There are 2 protein chains.
Amino acid sequence: MAPHAEPEALTDTSSVVLNDPVLTNGNTHAVFTLDDVLPHRQKSKPPATGVAAFSEADMFKSKGALKKPKAKKWDHRFSEESKARSASSLKNAMRFFKPDTISLCGGLPSSDYFPFEEISAKVPVAPEFSEAETAVSGKTFSTGKHDAKDGKSFLDLSIALNYGQAMGPAALVRFITEHTEVVHDPPYSDWDIALSAGSTSALEVALRMFTEKGHYVMTEEYTFSTAIETVTPMGCKMLGIKMDADGLLPDDLDHVLSTWDESARRAPKPFLLYTVPTGQNPTASTQSLERRKQIYALAEKHDLVILEDEPYYFLQMEPFVSGQTHGVPKPFKPVPVADFLKNLTPSYLSLDTSGRVLRLDSFSKIIAPGSRCGWVTGSKQVVERFMRHQEVSAQNPSGYSMIHLYNLLEENWGHKGFLEWLMYIRAEYTRRRDIIVNACEKYLPTEICSWTPPKAGMFHWVKVDVTKHPLYESRRRADGSVDYATLLEIEEAMFLAAAAQSVLIARGSWFRAQRGSDTELFFRTTFAAAPADKMVEAIKRVGEAIRTEFDLKEQNGNGHAR
Amino acid sequence: MAPHAEPEALTDTSSVVLNDPVLTNGNTHAVFTLDDVLPHRQKSKPPATGVAAFSEADMFKSKGALKKPKAKKWDHRFSEESKARSASSLKNAMRFFKPDTISLCGGLPSSDYFPFEEISAKVPVAPEFSEAETAVSGKTFSTGKHDAKDGKSFLDLSIALNYGQAMGPAALVRFITEHTEVVHDPPYSDWDIALSAGSTSALEVALRMFTEKGHYVMTEEYTFSTAIETVTPMGCKMLGIKMDADGLLPDDLDHVLSTWDESARRAPKPFLLYTVPTGQNPTASTQSLERRKQIYALAEKHDLVILEDEPYYFLQMEPFVSGQTHGVPKPFKPVPVADFLKNLTPSYLSLDTSGRVLRLDSFSKIIAPGSRCGWVTGSKQVVERFMRHQEVSAQNPSGYSMIHLYNLLEENWGHKGFLEWLMYIRAEYTRRRDIIVNACEKYLPTEICSWTPPKAGMFHWVKVDVTKHPLYESRRRADGSVDYATLLEIEEAMFLAAAAQSVLIARGSWFRAQRGSDTELFFRTTFAAAPADKMVEAIKRVGEAIRTEFDLKEQNGNGHAR
């Protein structure tokens, strides 16, 4: 166990009265910055360290946050399933737990029988983040079974490896609460957070909270294929809203909702909007602040619930400049945290005066997918329903994940180091984005391929002019279009041609919200996975495959296709 | 990284022809023992080590196992939701992945950006298992990011911390497959396994696979409260089957099914049986082999699907002898593995000729709940449907869990050490069972409290003669009974009286399968959680609380109540 990154007393100082953080900018609420975290901690109760101890965001919010108006109520939006959930009898009994209580109630195994004495990890120190630098200067953080009892930590193996409450251990609830205030500063007071077993799990839970069989779920015209594959078996349908490079179009959303005909549609007017506002999957579109405000205003007008799925939120990039590749200085040079945060497009959570947003965050894309850990943020009422479901599904993220994340985030990096890590991977993904887009400019046949360079995320979405395919001409109907089967046939041929060149790309039709309604041809590539040189080679082969498929002239070896 | 507990070649030896294991006992199939594991491995392909590599139990089964007859088909039992699930587009694309393929398809982040260079754990070596011995002689096992590429391991951080296939990484699929053959030896060939994110998660998935709104799920009259709390919001009902100390009664099960009246019940004849056969929660009842065979025969007769939930399977104990406490020798002395296995009551999985059992195993009670990892075993068709759901919910256990479990089970203990660990914790829980039952004999008022000493698990279930409560007499109706509200009132008073003495017990009504139908009074205690001296003190206080509540004479300070 190493010193805390943000040292503080390990004793209860709850009797100290909190001062308000400084009011700034004429805002009616206080603005909580990184500099306020430590003073606030020093005046607050430390996180509880009992096994399965209860905690909530309110325990760790600033006084300013707690003074804001409350969220609206959402009873009318919950599904029958969600409304029917009751609190776990056994977890609820913990209300009667006092410090001297002996519990014979819950079947929580004694930590005597956890065959782990200590777990450790070697991790990078901020801001020297690369693998090579970690190998040299990384630090090892260790956690023993009884560190909390010994006053050495707020989370140890005896806590993390046992059953817990559905929101997660207090030590992590505190970290995420502080992070949320610093990054999003939600405009209402009674928001809460709960750790999730990853956003895929959280999305399923959220969908079951707000949908009934036969409902429509609104989303971008092209959306995360897993979301479609989650919604469909529930007996619901995705309703694709038209989009441009800035994401979904408010006018189309308003039009769909304002003209909804329940009997013609055989479904009630939809109220659930699933959106990936930043670095959208698959299109990489990123909603501007203006766009978000317009959509939020429509959510207010039509009383929507917004599922804000933001795995790529922190991967917001400098614009692409043709022919240039942003470098990543070694050792890495982060900008001041305040500048980084200022330049992020504000989240829906930060605009949400009503508490109608349930935001899904994930460690998958910013730490590692194998953490199977994320968190949800929303109104206390909504997060409570979320936790009632989580208690009877994933329960909690893995205790090993939580220990390793706690050591990384709290003991090693602290909030500042975490945000600097986010700057680092953003820089790395920016470099990778530049490499793939430059390769596309060089190797794809731009007479039929077009794209908007991504401003966020991990994906590059390429449109291919399907009308130029030989099969298209031969199958063209009176109105100039072809049938869906032909479109799919061309798409598959393109996919297989790339696969024959040993490159896998993702087919656009997989992401079509209303599957089977495609009229255009797209493919998605990711710049997250392959090494830089392999990405370039892969794009070169994709270019060749498309040229062959579309009967185009071979590219001039020297040529810049654009 | 330490040497493998069961050393083997790390190279592909797939060209070597497998020999059949020795046929024994005149069985028509081979019996696969621990001694067969290593020779079988040496003749088989090693587990795949690619990121998100596909694997299945068939890759690791003995030739004898593969020769058995196939399971029946279960299409008629799957829910509409389960039938509507399609394979993940993105995961499915991996079919086209060849060793030289560059994938731009799935958004799998490069392991370059996993901020973990190495993770380690200090764990006990077999058979020196206690905390004190681990502190002295425990070993540390470490895993680096690229150990698999470096030929040092079959699972490393670059694999475990990335996205994976729904069955889990091949290295763990192999271990669990071998374990399943050694312990259960299922009598059909095409069984498969998938890691789960714990049995609570697996149970939810399984229920959604086999139920529609309005269905009944059959279970023991008293059952795991979380199972009730999972079923109810789905719009299903639990149907309690009568039970005795050997668990649910075949006659009642047969009667319920044979006399089912769809119109009177307003529900189709049920076919899903949820059962905890060993150390049942909450009653600790354990079905004998004879009982299991009777129930399985009824499952064949009525075409049931059995969810066999077995977290306590390995905690099968020596009988309780009044006044005695089984000791745990230090250092621990395990019996030969074959003797341990021979004395376990066979599982439903081992009796399942049709493939109608989906067995849920969990590391929660035998390693640590925080692992949030278990596995399911069933027919390939059923496990495939399970995985299709898991892909859009928990996806996988945490990669940190998988690394730590892999190091513990595969690199450190091997199958033998794992089974010795199970003997060790069984011995510890036997000792604890003895302590709590002896304390109950000493401190509970046996004129109104009765019980069957547990033969397995973590729970002790105590019946309290509610007719002796003062309120009961005053509220007695013409038929001699009282209304449910009175029963609950007495139960609550007893719970609160114990809580007032700083002891938490679990109320019997929480576990009533058909909630609200209680006619008797029970409470459940666990001997898993509290230290031994605290358990005794707690039972003493519970005895005092009951005496006060029931207006009984105070116990003679010296007396043994029995």
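Okay, bookkeeping. Residues count from 1 along each chain as its sequence is written, chains are lettered from A and ligands numbered from 1 in the order written, and side-chain values use heavy atoms, with hydrogens and water left out. Because the model is predicted, local features need pLDDT of at least 70 and side-chain atom pairs count only at pLDDT 80 or more, while totals for chains, interfaces and linings use all residues.

So, the helices, which are DSSP runs of H or I with at least four residues; strands are E runs of at least two, and both are numbered from the N terminus. In chain A, α7 (residues 170–183) packs on α16 (residues 399–443) at about 30°, axes 10 Å apart. The axes are lines fitted to C-alpha atoms over the stretch in contact, and angles run from 0 to 180 degrees between N-to-C directions. That makes α7(A) roughly parallel to α16(A), the cut-off for that label being under 35 degrees. Contact here means heavy atoms within 4.5 Å, and the residues making it include R174(A), F175(A) and E178(A) from α7(A), with Y406(A), E410(A) and F418(A) among those from α16(A).

Now salt bridges: a side-chain nitrogen of Lys or Arg within 4 Å of a carboxyl oxygen of Asp or Glu. R41(A), R174(A), E178(A) and E410(A) are joined into one network by bridges that share partners.

Another pair crosses between chains: E131(B), in helix α5 of chain B, and K145(A), in the loop between β3 (139–144) and α6 (157–160) of chain A. Their closest N and O atoms are 2.7 Å apart. For burial, under 20% relative accessible area is buried, over 50% exposed, in between partly exposed, with a 1.4 Å probe and protein chains only. K145(A) is buried at 5%, whereas E131(B) is partly exposed at 24%.

Last, the backbone. Most residues other than glycine have a negative phi, and most peptide bonds are trans. R372(A) sits in the loop between β11 (357–362) and β12 (374–379) of chain A, and it's buried at 6%. Over in chain B, D185(B) also has a positive phi, about 45°, and is buried at 16%.

Chain B has cis peptide bonds too: A126(B) to P127(B), omega near -10°, and K330(B) to P331(B), omega about -5°.

Key
Parallel < 35°, antiparallel > 145°, perpendicular 65-115°, else oblique.
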